[in-house]
Amino acid sequence: MEQSFGLKKIMISKKLITTLSVASFILIGCDTSSSCIESDSLIYNTTIYTANDTLPQAQAVAVKDGNIIFVGNDKEAEVYKCGNAKLFNMEGLFVYPGFIDAHVHIKGIGYRDLNLNLQGINSLKEMLTTVEIYSNSVEPGGWVVGRGWIEKNWPEARFPTIEELDRFSPDKPVVLERADGHAVIVNSYALNLAGINSKTQDPLGGAVIKDKSGNPTGLLVDKASLMVEKLIPKKSKAQDKRALKIAIANSIEYGWTQLQDAGSPYSDFELLKEIKSEGDLNIRVQLYISDGPNVLKKMVKGFEIDPEYFLSTRGIKLYADGAIGSRGAAFLSSYKDFDTSGFLIFEKNKTMPKLIEALKKGIQIQTHAIGDKANKVTLDWYQEAFDTVEEKDRLIKDPRWRIEHAQNILPKDQQRYRELEVIASMQPSHAIGDLHFAEKRLGLSRLKNAYVWRSLLDLDVKVVGGSDAPVEIGDPRIEFKAAVSRTDLDGFHGEGWHLEESVTRDEALKMFTKWPSYAVFEEDVKGTIEVGKLADFTIFSKDLMTIPAEEIMSSKNMMTIVSGEVVYSR
Ligand SMILES: [Zn+2]
């Protein structure tokens, strides 16, 4: 082993490398010559993409105490092959800065595995069979709770009906959340429990969808979902903690080194603190507290920046509108396939005081906004807050407020992202899912304002990439591929789908490394491979920067390193 992998010239076939587990690359160096520079580990003999424009590529990186102490070529790296340094010969692999998912729902990722998971189901028929089998395992009166269905690609191309659900579940409530989290389909038992009938009015920011005779169809959109969801027995703290731990393990396996949670209760932050104190938090987390009663008070109490950058909360998540699939996203003109233009969820009189207070207290705001109206109104209110609270009255002058999804933006509002220095937090996988039905909902002419990654980057807007898992799978390869190709995983794109809005490989890399670090005020400590920064790396089996887009999905995450520690290896 030592002769093959040690300090001498490496003579090893690529075939052997791929059959060895990456962990076996680790060896202890032994040369203690006078030129030795002490390090904890050295990655060498590889291609390193740094996301740092002054030195975009390197062959070796040395780490000490969780920080990068050297980036350069193999020859210069020789002096680190000594003492107790662990040596990682990464021949044939490709090293990137630690990938960051700028928009996820951590606990939801865990519950995807713990509840009925309907993600990846290919037809309405398959979904109904899956739910029926699961439902048979639930006692009468018990809840059948699932999530992740999406009808976009189903041959039936429609939502399930209440009759279809009632057929096998007359004695228990069924609640199935659509993948986008903006609609649920429920059975009659659940409607009855919630007291929803033909006389029920739409709640503010939601819709109880009814048929031609005025009877509820079981489809509840946005805030109407709460009428049923609030009845679902609460999960215990222990269950929540288990879900969080599952999500952490799942994410490091995919190659993520930081998760930015886009809206969770403060209690999740406390659970994550527990997990951290028990030594089980081996991924970085930035958590935004979901809007709700007293959110500002909770936030001020909870505002916490971890000096080790593992677990911080510094912001609040607000919601402007819903999603396009369930026609809850707010547009300035009507949907093409239905007589509605969606609706705003938030109200100005309640939101402005929060924005003003947040600006004074240095609390970062992120707002879910999908439709062009939701984006416009969010920018309007951000602008009003910025105008109201002058820089001298702000705890943080440069507030870096974000808009999540930022899916449909009028050209003049794209400019305002730049002028107001608002960060666009976008999910490439949403675009390649929505391309199957966006034209039907929005019409061809509006597609030019949809998912405008390229236009925003050209305006010098910071675009940060995320997966929105569990809404999407949460796989960095899918996001990267979608960003650079703008076609779905089969290479498909519809008519008028503006492929020119795709991004370069270099930009895609920065969307998932450098720029999301900026979005959480951590650009000085991570996001690129540079001396002095945290040693977070994601190591793939293929060169994501040069292989054809259709090969990206065949790449594998081989190793995830956080603070110099190998937290996952294949
Ligand atoms: Zn989300």
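Me: What makes strand 8 and strand 23 a pair?

Reply: Two strands pair if DSSP finds at least two bridges between them. Strand 8 (residues 94-97) and strand 23 (residues 537-540) have 4 bridges, in the antiparallel sense, so by that definition they pair. Within strand 23, Ile-539 is the bridge partner of Val-95. Strands here are DSSP runs of E with at least two residues, while helices are runs of H or I with at least four residues; both are numbered from the N terminus.

A quick note on the model: it is predicted, with local features needing pLDDT of at least 70, side-chain atom pairs counting only at pLDDT 80 or more, and totals for chains, interfaces and linings using all residues. Residues are numbered from 1 along each chain as its sequence is written.

Me: Why are strand 4 and strand 25 called edge strands?

Reply: The open sheet has 6 strands in the order 4-3-8-23-24-25, with mixed pairing. Strand 4 (57-58) and strand 25 (565-569) each pair on one side only, and they are its edge strands.

Me: Why is Tyr-451 called buried?

Reply: A residue is buried if 20 or more other C-beta atoms lie within 10 Å of its own, exposed if 12 or fewer, and partly exposed in between, with C-beta atoms placed from the backbone. Tyr-451 has 29 such neighbours, so it counts as buried. Tyr-451 sits in the loop between helix 16 (438-442) and helix 17 (453-458), and has a positive phi of about 50° although it is not a glycine.

Me: And what makes Asp-468 buried?

Reply: Asp-468 has 26 C-beta neighbours inside 10 Å, so it counts as buried. Its phi is near 60°, again positive in a residue other than glycine.
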